[in-house]
Amino acid sequence: MKSIILALGIILCQQASAQNLTGVFLGAQANTANYNVNYSKQKTNYTYGFQAGVMMKVPFDKGIYFAPSVFYSLKGYKVKFAQYTFPPDPMASDNEVKLHTFELAALLQVDFGNKPSHGFLKVGPTLDFQLFGHEKFNLQTGGSVSRKMTFGYGDYGHYSANALAQLGFETSSGLVFSVNYTYGLTSISNADGGPKVLHRCIGFSIGKYLNAKKIVLDTRNKE
């Protein structure tokens, strides 16, 4: 993980010095999960969180850009069990989870037109690092449990992969507005015979390219 972060940091520094667009963003999101126990889908509901991070926009081809980002994301879900399994506990009747994650996104951006203000679409994979989390559940036998999540081979996993899509609008001043959808591709549960838990998140964000005015003046309408 340290080597990945270091390599990305080097790329960010190099690209910034090459006068590509760099910016920051912040947004709110609703989180849930596709939750299956023995191929039976369990009833889920939403929790709420946010994301905040750093983004880039690097020219790749005409109207197409490499748009990597690194960000913190507060994810989670609520689930009510019709079948029971571990994690969280064979006697649990429900579970509410909050996960603090660090996400690396390798996206491609397509701009809709070459005007300074324009719409765009970003799509691509992300790698999710589940840093730490908390779960709270009720027991069929009565009582409840509130505890930190345990990560390991037979518990929850520290890593997952997702697909991310963003539809948005950039202004000539460098403001960026987008709606985002995260589709989990791998389960955050490592337990053999345990549940399959795939992230699902939808939200919106507002960002700002910090060097947008200078870059637009230097590169607009160049072939």
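A nonpolar core here is a set of buried Ala, Val, Leu, Ile, Met, Phe, Trp, Tyr and Cys residues joined through side-chain atoms within 4.5 Å, where buried means under 20% relative accessible area, exposed over 50%, and partly exposed in between (1.4 Å probe, protein chains only). Strands are DSSP runs of E, at least two residues long, numbered from the N terminus.

This is a predicted model, in which local features need pLDDT of at least 70 and side-chain atom pairs count only at pLDDT 80 or more, while totals for chains, interfaces and linings use all residues. Residues are numbered from 1 along each chain as its sequence is written, and side-chain values use heavy atoms, leaving out hydrogens and water.

Now look at Tyr35. Beyond its neighbours within four places in sequence, Tyr35 is in contact (heavy atoms within 4.5 Å) with residues including Tyr77, Val79, Pro195 and Val197.

Next, visit the loop between strand S8 (144-148) and strand S9 (159-170), where you will find Met149. Met149 counts as buried because its relative accessibility is 7%. Leaving out residues up to four places away in sequence, Met149 touches Leu99, His134 and Tyr156, among others. Met149 and Leu99 are 50 residues apart along the chain, yet their C-alpha atoms are separated by 8.8 Å.

Finally, Phe204 sits in strand S11 and is partly exposed, with a relative accessible area of 47%.

Key:
Helices (H or I, at least four residues) and strands (E, at least two) are DSSP runs, numbered from the N terminus.
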